[in-house]
Amino acid sequence: MSIEQIAGLMLYSAHQSVPAADRGFFASTFGGKAFSESGAKPWELSDQQIEFLTKDHLRHVLLTSVQSPEVAAKWNNEVQALVEGVGFGIPANNSSVPRHSSDSSKEFNEGAGGHISMWPETLGLAATFNPCHVRQFGEIAAKEYRALGLTTALSPQIDIATDPRWFRFNGTFGEDSQLSTDMARAYVDGFQESVADREIADGWGYDSVNAMVKHWPGGGSGESGRDAHYGAGMYAVYPGNNFDEHLIAFTEGAFKLEGKTGMASAVMPYYTISVDQDPKNGENVGNSYNKYLIQDLLRNKYGYDGVVCTDWNITHNFSGKMDLFIDGKPWGVENLTVEERHYKLLMAGVDQFGGNNESAPILAAYQMGVEEHGEAFMRTRMEQSAVRLLTNIFRTGLFENPYLDVEETIQTVGNSEFMEKGYHVQLQSVVMLKNSNQLLPLSKQATVYVPKRYYPSKKDWFGNRIPDRTDYPVNIELVKKYFNVTDNPTEADAALVFISGPESGIGFSYEDVESGGNGFLPISLQYRSYTAELAREKSLAGDRSYKGKNVKTHNECDLDLVLETKKAMNGKPVIVSLLLSNPTVVNEFEKEVDGILVNFGVQDQAILDLISGLAEPSALLPFQMPANMETVETQLEDVAHDMECHVDSVGNVYDFAFGLDWNGVIKDDRVKKYARLLVK
């Protein structure tokens, strides 16, 4: 292979949609015209896709949305037909972010489109405390991925979510390292292993999907819960000296599989600068740039020889805007050129550059290496990555046949068997926290009041304004199939209130800058206004203290809805269905209500099946529910299980592994295995 062809292998495309987008950050054209106005069929390749597949030799494409399984299959066949006639005919290794959520509006699912089996979010899978469910999910998801032309999954996210404020908490298996380790192993085994006549060799084959585990060495300890997608959150801190625990889900889980494939085929480091965790070179740079973390620790100490792919856009320039989601994230190396960043990554041991469609910076980095180390050295270095990348393409059988049978795709993706199995696990992912006087399940003859919910105007992660609205927070026609429904609370036997956890932003605001502050604010897990009196006087990394500052949540109205409904019901029962992405302070309303069900992204039907008794709650909390914001503020970002937990009005402690079924507190084998306290 030429250096140009190897450089193309090392590219991982920016986000692609099918059909191609014609506006926004990833606008595309067809024949020089906006894609939607060109007359192109949905599955046809955009001008930009053709260019990076041919001119830049790119072979790894990230898909974020597809119109339908049929369109996805036809698009895959178009791609594979194009690249088969280029160079050595290396097939495209198409990939996806997680796309099996039951709520396609969630941030990191960016429009999962098409019919596909629906499962709980990763945190919901964790709440089952059952690795067998996760293994089954992986096996089914892999079959659907392959039917869509996808051979790499940019998952699972196995960071230990030790700070409860982190907005990527919901993509993890929670805060416990043992649970996360078992779930990570099961997930990767499910995705990667082919069996019987579907196996080619060593567990790999035609049903296999490469799993790219993320984010090495763990991104769950962002200072004060801030996230490294933003300049405001570039630092991961370790005030509890607990760095090593964050590696366990990788080293003991994803890298020690039960199945024949042995270990996850790819790893993605996180954006963060893991502050003061490089004892060899003393560098505080983004994890992918850190040679100690990649070469000395991951490769040499733990013997990992799979693909290391950066997170997206880390070689791009940073605009300086601390609150911009779509931006370059070259944390710690902002002073380097784009080409120098690629070179530093190559020397650190990285194989692939996420979010990059152009090979020129890699070729420039190669020349830098030739000047410093000689051509033989750099050729060997590039070939080392090429072998890893090609291995992941070969062992999934793409060289034998990269094409899809469109009718087979239609029959496979989202078939009734897969849908049923996903729904069954949804039912087992909902945690019942409170059930005063055995109120639940409600009888089918009950009359319920479902108050409408106000959704304030806000911006999505990409900066687009979402208008405010008032609407039912649940499919009200579906509710009517379970209960009698009334809009008059005086006629109701019980109220069903559907809300989400508090949303207070990313921990940074330019309004604070304009008023003379440093811009940094608390991230709150309570609904009412919060003032950070117990925050650090001095931040651990940079000038980022917010001590004494106040933040208001975007959806304080959710708390108002619960309390107003309680008043309107005049003593009759109130049941809250709470959709969570993070641990939450429920002290503001718990004592006022009679039932609480917590979910992490399921279908409305699953919640109604549980409320009505068609299914029994069985899930457990995969994290602690804090008693108040004071315990959140004083916990250590890198340490799990270090908060005071909420104690409810009947004396139950909302700790890790707590949950109720119809008989009361669950004390089964799962609790005995994973709970920090002995079951009495």
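# Close-up views of a predicted model

The structure holds 30 salt bridges. The coordinates shown in every figure come from a predicted model.

**Figure 1. Overall view of the protein.** The fold contains 19 helices and 29 strands. The protein has a radius of gyration of 25 Å, close to the 26 Å that the globule rule gives for 680 residues, so it is as compact as a globular protein of that length. Along the principal axes, the C-alpha atoms fill a box of roughly 80 × 60 × 50 Å. Of the 680 residues, 62% count as buried. Where contacts are formed between residues at least 6 apart in sequence, 74% of them join residues at least 24 apart.

**Figure 2. The salt bridge between arginine 135 and aspartate 189.** The two side chains meet with an N to O distance of 4.0 Å. This pair links distant parts of the chain, with arginine 135 in helix H5 (residues 131–147) and aspartate 189 in helix H6 (residues 177–192), 54 residues apart. Arginine 135 is partly exposed, at a relative accessible area of 24%, whereas aspartate 189 is buried, at 1%. Both residues belong to a network of salt bridges that links Arg135, Glu139, Asp189 and Glu193.

**Figure 3. The salt bridge between aspartate 351 and arginine 388.** Here the side chains of aspartate 351 and arginine 388 meet at 2.8 Å, N to O. The bridge links distant parts of the chain: aspartate 351 is in the loop between helix H9 (338–348) and strand S15 (353–354), and arginine 388 is in helix H11 (residues 375–394), 37 residues apart. Aspartate 351 and arginine 388 are both buried.

**Figure 4. The salt bridge between glutamate 637 and arginine 536.** The closest N and O atoms of glutamate 637 and arginine 536 are 2.7 Å apart. Glutamate 637 lies in the loop between helix H18 (629–634) and strand S28 (660–661), and arginine 536 in the loop between strand S24 (530–531) and strand S25 (550–551), so the pair ties together parts that are 101 residues apart in sequence. Glutamate 637 is buried, with a relative accessible area of 1%. Arginine 536 counts as partly exposed, at 28% relative accessibility.

**Figure 5. Helix H10 and its surroundings.** Helix H10 (residues 360–373) has 14 residues, and the distance from its first C-alpha to its last is 20 Å, close to the 20 Å expected at 1.5 Å a residue. Buried residues of H10 are Pro361, Ile362, Ala365, Tyr366 and Gly369. Because they cover an arc of only 145° around the axis, they are on the same side of H10. An α-helix has 3.6 residues a turn, so residues three or four places apart point the same way. Ala360 and Glu371, on the other side of H10, are exposed. The packing partners of the buried residues of H10 are helix H1 (3–9), strand S1 (11–12), H9, S15 and H11. Just after H10, glycine 374 takes a positive phi of about 95°.

Figure 6. Valine 18 and proline 19 are joined by a cis peptide bond with omega of about 5°. Proline 19 is placed in the loop between strand S2 (16–18) and strand S3 (29–30). Another cis peptide bond joins leucine 440 and proline 441, with omega of about 5°. The loop between strand S16 (431–435) and strand S17 (447–449) holds proline 441.

Figure 7. Although it is not a glycine, phenylalanine 129 has a positive phi of about 55°. Phenylalanine 129 lies in the loop between helix H4 (122–127) and H5, and is buried, with a relative accessible area of 2%. Aspartate 276, also not a glycine, has a positive phi of about 60°. Aspartate 276 is found in the loop between strand S13 (273–274) and helix H8 (291–301). With a relative accessible area of 61%, aspartate 276 is exposed.

**Figure 8. The nonpolar cores.** The largest nonpolar core has 179 residues, and those with the most contacts inside it are Trp216, Leu442, Phe483 and Phe589. A second, separate core has 10 residues, among them Leu525, Ala532, Ala535 and Val632.

Technical notes. Residues numbered from 1 in each chain as written. Predicted model: local features only at pLDDT ≥ 70, side-chain atom pairs only at ≥ 80, totals over all residues. Heavy atoms only, no water. Helix = DSSP H or I, 4+ residues; strand = E, 2+ residues; numbered from the N terminus. Buried < 20%, exposed > 50% of the residue type's maximum accessible area, 1.4 Å probe, protein only. Expected span 1.5 Å × (residues − 1). Arc of directions from axis to C-beta. Contact = heavy atoms within 4.5 Å. Core = buried A, V, L, I, M, F, W, Y, C linked by side-chain atoms within 4.5 Å. Rg over C-alpha atoms; globule rule 2.2 N^0.38 Å.
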